[in-house]
Amino acid sequence: MQPQNINFQQFQYFPTSVYIANVPQFAKTVKAVADDSFRRIRKEMKIPKEQLGVMSYNFHDDPRLLDFSNFVLTASWDILKNQGYAMDTMKTIFESMWAQEHHQYSLMEQHVHGAGLQMVGFYFHEAPATTSRVCFYDPRPGKVQINLAEADVSQATAASQIVNFTPNLGDIYFTNAWLAHSFSMNVTKKNFKFVHFNIGVVPAQYVNSAPQGINQPSFAVKPLKVAADGAGSSTTHISGTSLSNQVEIV
Ligand SMILES: [Fe+2]
């Protein structure tokens, strides 16, 4: 008996998910708030024109962003709920939301958000620079340490170390806060701008209001289909954009 003659059942656990949707209806308002914040911080901090990258102030509590901020909090709550966390008595809150502006040759290096945060995300309120990619890194240090060479780094596979996406105007990204990310270099003359947000989770009573998702419509997130108890086989299923749409950077 040879192994190639055996049909193995494949079980996949501990998945890493990136969730992407296109919601351009928020772009105009978010741009107005971000532009105001950039103007103010440039003036107050006397930021030189030649500085490659500029970060705005935090603006998640700007009243003009009420709808957008609620969308981000509700989507974050629903994603965590769908992932299997006990969210019914919990509430998602903003740690921060701010805009970044990357001039030619600016980039955002690989990093992860700690300090107890649970979700992170990005919103592209302006048409992104064509060369900039959203990159996510394998979060498993054991695998990173022993990785073999990949057969084809242009394909996103179970062997991949990095995957990247090309952002579009109006795209919003969510992922768990433990997932390291970066933005590749903007080599165009067009400024690359986006909004970054970081979300925490606290017991609902701490913020003196009902948790999201109980009496309001939910943002639809398809649950992962992963066998939870090892019984029976499961179909390999990666939530979010199909792997075939992702291209790994070299
Ligand atoms: Fe970040």
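Tutor: Two strands count as paired if DSSP finds at least two bridges between them. Keep that rule in hand as we look at this predicted model.

Student: What makes strand 3 and strand 10 a pair?

Tutor: Set the count against the rule. The rule asks for at least two bridges. Strand 3 and strand 10 are joined by 12. They therefore pair under that rule, and they run antiparallel. As one example, Glu-101 has Lys-193 in strand 10 as its bridge partner.

Student: How do you know that strand 5 also pairs with strand 10?

Tutor: Apply the rule again. Five bridges join strand 5 to strand 10, and at least two are needed. The two strands run antiparallel. Here Tyr-123 has Val-195 in strand 10 as its bridge partner.

Student: Why is strand 10 called largely enclosed?

Tutor: Count its buried residues. A residue is buried if 20 or more other C-beta atoms lie within 10 Å of its own C-beta. Nine of the 12 residues in strand 10 are buried, so the rest of the structure largely encloses this strand. For the protein, with its 250 residues, the buried share is 29%.

Student: What covers the buried residues of helix 2?

Tutor: Those buried residues include Phe-68, Val-72, Trp-77 and Leu-80. Among the elements covering them are strand 1, helix 1, strand 3, strand 5, strand 8 and strand 10.

Student: Which residues have the most contacts inside the largest nonpolar core?

Tutor: They are Val-30, Met-119, Phe-122, Tyr-123 and Val-195, in a core of 40 residues. Helix 2 gives this core the most, with seven residues. In soluble globular proteins, nonpolar side chains tend to be buried together.

Student: What does Met-119 touch, beyond residues up to four places away in sequence?

Tutor: Its contacts include Ser-76, Ile-79 and Leu-80, along with Phe-174 and Ile-199. The cut-off for a contact is C-beta atoms within 7 Å.

Student: How many helices and strands are there in the protein?

Tutor: There are three helices and 10 strands. From the N terminus, the order is β-α-β-α-β-β-β-β-α-β-β-β-β.

Note on methods
Residues are numbered from 1 along each chain as its sequence is written. This is a predicted model: local features need pLDDT of at least 70, side-chain atom pairs count only at pLDDT 80 or more; totals for chains, interfaces and linings use all residues. A nonpolar core is a set of buried Ala, Val, Leu, Ile, Met, Phe, Trp, Tyr and Cys residues joined through C-beta atoms within 7 Å. Helices (H or I, at least four residues) and strands (E, at least two) are DSSP runs, numbered from the N terminus. Two residues are in contact if their C-beta atoms, placed from the backbone, lie within 7 Å.
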